Amino acid sequence: MNRKLLVICMTGSLIVGAGGTYIGMNKWGEHSETAANSSETVLSKVGKAYDLILNNYVEKVDKNKLEEGAIKGMLSTLEDPYSVYMDKDSAKQFEQALDSSFEGIGAEISAEDDKVIIVSPIKNSPAEKAGIKANDEIMKVDGESVEGFDLYDVTQKIRGKKGTKVELEIVRQGLEKPLQIAVVRDEVPQITVHSSIKREGGENIGYIEITTFSEDTASEFHKALAAQEQEGIAGLILDVRGNPGGLLTSVNAILEEFVTSDKPYVQIEHRNGETEQFYSDLKQKKDYPVVVLVDNGSASASEIMAGALKEAENYTLIGEKTFGKGTVQQAVPMEDGSKIKLTLFKWLTPDGNWIHKQGVVPNLEVEKTALYNTHPLQIENTLKREMNNEQVKYAQEILTSIGYRTDRQDGYYSSQTEIAVKAFQGSNNLPETGAIDSNTAGKMQQVVREEMQKDENDIQLQTALHYIVN
């Protein structure tokens, strides 16, 4: 039984404001001497090029920029979005991402097929409140195209101090035109565990949502679960939807309470193809059913949890296929405080499956309702009768999703759309003009967020509750 402590951070890629993925430094030290001996000739060539440029280029060259450019150039040849260079400031933000809070927009981004993709916005973050969703593609930051920039450069453009604003141009699947979404940076609290008791069929059902796996997540989780078990629960729902990952030490500690010693909860594959298997000491599984909620924003450490519970203990996964990140990174500190985050390993499920770019498929696939697929309104000119554009279409989708009947959703502002808008305005103490100005649009989006928080509108949660009691 392998009880080695893995200090692995398994986020999807980079959290905008900090972030990353890393494994303990002992792994790096095992191979550094051999690597140094075998690369002396190559380093001599690199050193010669460095001296040539530094001392002979037609204009004076900044030494630090030249060094950082060399490192970035080597990493870019790997064509791996998860292997990146972080300067001193970014390295500090990287560490802060797993603290109690950090400043930024609160969204995890990744690179996929030369595209910069939102993995998931963090729960209650500025990004989520602004309407950013998983799988949104970032095209521009403050009007500047991200084409040609690496992932690190894009995160640098998006990061910033609390209270400042960043404008993102987003391409979303199914929409004809890009969205312009302004996000005001703020403090992003890392309260990672939210728990409650749900009532279904006369039974108490435990519900624990894990928004990310930080340093305190496991201890928060154990306290929440102990309290629920003491109260008496007939089943448990673990919700990792929109969870972009985090520290494997945290997910390990949680899995060891659910996965017995019969099968490994995770496997690590080295570059030579050899694998290490990691087991718990647990001898008996829970005496109540466990269900896991997942979606396409569940990434990395969340997928480790989902894969382990599905394959090792046959617990049921409900929702949508997960993001698909199956690699492990290590953050190696440099002498000046900067870091190189390098992919070192693959991780595999208990049955040896590599889910990279594939994701974990739930046992019961349940898609979110239209309420969760609405788009933010961008009101430059008041929307009114006889108009025909995409913003009207978005407004019609919002109205329908919150229970106001419109006769069409094609972007034409019909008389029935006007009636629906007046009904909405009347119900929300707004002037009943039948036109959508910025105040009405803001209220519509607020109502959508409020409705999304209600259990009865969450079809995936409702499916999980019915599954447990039936």
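This is a predicted model: local features need pLDDT of at least 70, side-chain atom pairs count only at pLDDT 80 or more; totals for chains, interfaces and linings use all residues.
1. Basis. Local features need pLDDT of at least 70 and side-chain atom pairs count only at pLDDT 80 or more, while totals for chains, interfaces and linings use all residues. Residues are numbered from 1 along each chain as its sequence is written, and side-chain values use heavy atoms, with hydrogens and water left out.

2. Cores. The largest nonpolar core has 42 residues, and among its members Ile 105, Ile 138, Leu 168, Ile 402, Phe 424, Ile 436 and Met 444 touch the most others. Helix α10 (residues 390-401) gives the largest share, five residues. Another core, of 40 residues, lies apart from it and includes Ile 210, Ile 254, Ile 268 and Leu 317. A core here is a set of buried Ala, Val, Leu, Ile, Met, Phe, Trp, Tyr and Cys residues joined through side-chain atoms within 4.5 Å. Buried means under 20% relative accessible area, exposed over 50%, and partly exposed in between (1.4 Å probe, protein chains only). Helices (H or I, at least four residues) and strands (E, at least two) are DSSP runs, numbered from the N terminus.

3. Surface patch. Leu 52, Ile 53, Tyr 57 and Val 58 make a nonpolar surface patch of about 440 Å². Such patches take residues with over 30% relative accessible area and no salt bridge, nonpolar side chains (Val, Leu, Ile, Met, Phe, Trp, Tyr) being joined within 5 Å. Leu 52 belongs to helix α2 (residues 40-56) and counts as exposed because its relative accessibility is 54%.

4. Thr 349. This residue sits in the loop between β19 (339-348) and β20 (364-365). With 2% relative accessibility, Thr 349 counts as buried.

5. Salt bridges. The count is 18, a salt bridge being a side-chain nitrogen of Lys or Arg within 4 Å of a carboxyl oxygen of Asp or Glu. Asp 458 and Arg 241 pair at 2.8 Å, N to O. Asp 458 lies in the loop between α12 (438-452) and α13 (459-469) and Arg 241 in the loop between β13 (235-239) and α8 (248-255), so the pair ties together parts 217 residues apart in sequence. Both Asp 458 and Arg 241 are buried.

6. A further pair. Glu 313 forms a salt bridge with Lys 285, with the closest N and O atoms 3.8 Å apart. Glu 313 is buried at 7% relative accessibility, whereas Lys 285 is partly exposed at 36%.

How values were computed. Patches are made of residues with over 30% relative accessible area and no salt bridge: like charges are joined within 9 Å, nonpolar side chains (Val, Leu, Ile, Met, Phe, Trp, Tyr) within 5 Å. Accessible areas come from the Shrake-Rupley method with a 1.4 Å probe; for residues, only the protein chains shown count as cover.
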